[in-house]
Amino acid sequence: MEVVIVDDRSQGGQMVSSAICSRFKLEPLSVLGLATGSSPEPVYDDLAARYAKGEVSFRRGQAFLLDEYVGLPSGHPESYRAVIERQVVDRLDFEPTSVRGPDGAATDLTAACATYEAAIAEAGGVSIQLLGIGSDGHIGFNEPGSSLASRTRIKTLTADTRRANSRFFHGDPGAVPHHVITQGIGTILRARHLILLAWGTDKAEALASAIEGPVTASIPASALQLHPHVTVVADHEATSRLTRLDYYLETWRAKPEWQTI
Ligand code: F6R
């Protein structure tokens with residue numbers, strides 16, 4: 001696992017966006033794993049800027065969302081599909097049908113989960129998966145206690161996550177759905193490169209537990225320790241609780257020119 005400490009989220013966004021663009025230039029059929037929430041926003045902003053300058057195209061690529069709320073009416077502005085439409089689909093040249101998310105409005109949710117899992121596999125798996133981390137250590141919507149081998153399925157959000165996400169629902173936790181469909185931890189671990197983004201002190205404790213604590217279902221992001229290619233890109237505040245901070249900084253300073261993240 002590589003831990004890259006950046007001055008701010010904008011610098012982190014540029015670094016990750018540059019890695020994504022390199023991948024799509026090299027392999028135009030690549031598959032991008034999309035997270036929602038605040039953490040990936042600087043990446044999407046920088047991708048949009050590079051696309052606008054003609055630096056990269058995603059026309060032949062595909063993308064998959066990590067998760068979706070269950071039960072929001074279709075077209076609800078805070079459904080993750082709608083968020084990704086605004087932040088990614090409207091600003092890049094992915095074919096809209098090549099950007100898929102779990103169907104949180106399906107009548108048969110269990111079948112929708114299985115269909116989604118199969119669609120990811122059929123696309124050849126995810127090349128680069130963007131991840132944020134919840135302050136309780138969740139990735140996707142795999143709340144603490146989630147099986148580390150889990151696949152796409154329905155989960156119940158914790159009260160803390162509903163409170164955190166109420167900022168997107170006029171500050172009303174009661175308006176945040178109780179249920180979601182999320183890629184499982186086992187699904188996420190199948191992506192070839194995982195990039196975890198973390199900004200601000202609110203993430204410091206969870207990030208330290210995930211990176212330097214034991215692998216445990218109580219901190220779902222600690223499962224990343226089991227993956228062979230993980231890059232954590234985080235600012236000084238989010239990394240403030242790491243004990244091997246000096247080592248991560250030294251590793252980055254000594255990184256050979258030719259080696260990318
Ligand atoms: C969203 C997701 C969640 C968020 C996490 C952090 O698709 O998968 O795991 O990444 O809740 O949210 P933010 O980035 O808003 O702090």
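Helices, of at least four residues, and strands, of at least two, are DSSP runs numbered from the N terminus. With this naming, Lys255 is found in the segment after α8, the helix of residues 245-253. The structure discussed here is a predicted model.

## The ligand and its surroundings

The ligand is surrounded by 16 residues, and the closest are Thr36, Ser39, His138, Gly140 and Lys203. The space that the ligand takes is the largest pocket.

Ser39 contributes a polar side-chain atom, placed 2.5 Å from a ligand oxygen atom. Ser38 takes part through its backbone, where an N or O atom lies 2.8 Å from an oxygen atom of the ligand. For Gly132, a polar backbone atom is 3.5 Å from an oxygen atom of the ligand. Taken alone, the ligand would expose 410 Å², and the protein buries 93% of that area.

Lys203, one of the closest residues to the ligand, lies in the loop between β9 and α7. Its relative accessible area is 16%, so Lys203 counts as buried, given that buried means under 20%. Between Lys203 and Thr115 there are 88 residues of separation in sequence, and their C-alpha atoms are 33 Å apart in space.

## Two histidines in loops

Is His227 buried or exposed? The relative accessible area of His227 is 8%, and this residue is therefore buried. His227 belongs to the loop between α7 (204-212) and β10 (230-235). Its side chain reaches two backbone atoms: the oxygen of Ala191 at 2.6 Å and the nitrogen of His229 at 2.9 Å.

His170 occupies the loop between α5 (159-165) and β8 (179-182). With a relative accessible area of 82%, His170 is exposed, because the term applies to values over 50%. The backbone of His170 has a positive phi of about 55 degrees, although this residue is not a glycine.

## Further buried positions

Leu196 is part of strand β9, which covers residues 193-198. The relative accessibility of Leu196 is 1%, and it counts as buried. Ser150 is located in the loop between β6 (128-131) and β7 (153-156). Ser150 is likewise buried, with a relative accessibility of 5%. Lys255, in the segment after α8, has a relative accessible area of 16% and is buried.

The following table sets sequence separation beside spatial separation for pairs that include these residues.

| Residue pair | Separation along the chain | C-alpha to C-alpha distance |
|---|---|---|
| Leu196 and Thr251 | 55 residues | 18 Å |
| Lys255 and Pro228 | 27 residues | 18 Å |
| Ser150 and Lys25 | 125 residues | 32 Å |

How far apart in space are Lys255 and Pro228, C-alpha to C-alpha? The distance is 18 Å, for two residues 27 positions apart in sequence.

Notes:
Residues are numbered from 1 along each chain as its sequence is written. This is a predicted model: local features need pLDDT of at least 70, side-chain atom pairs count only at pLDDT 80 or more; totals for chains, interfaces and linings use all residues. Side-chain values use heavy atoms; hydrogens and water are left out. A residue is near a molecule or strand if one of its heavy atoms lies within 4 Å of it. A polar contact is a pair of N or O atoms within 3.5 Å; within protein, one must be able to donate a hydrogen and the other to accept it, and residues adjacent in sequence count only if both atoms are side-chain atoms. Accessible areas come from the Shrake-Rupley method with a 1.4 Å probe; for residues, only the protein chains shown count as cover. On a 1 Å grid over the protein atoms alone, a cavity is a set of points where a 1.4 Å probe fits but cannot get out, and a pocket is an open set with protein on both sides within 12 Å along at least five of seven lines; lining residues have an atom within 4 Å of a point. A molecule sits in a cavity or pocket if more than half of its atoms lie within 2 Å of its grid points. Buried means under 20% relative accessible area, exposed over 50%, partly exposed in between (1.4 Å probe, protein chains only).
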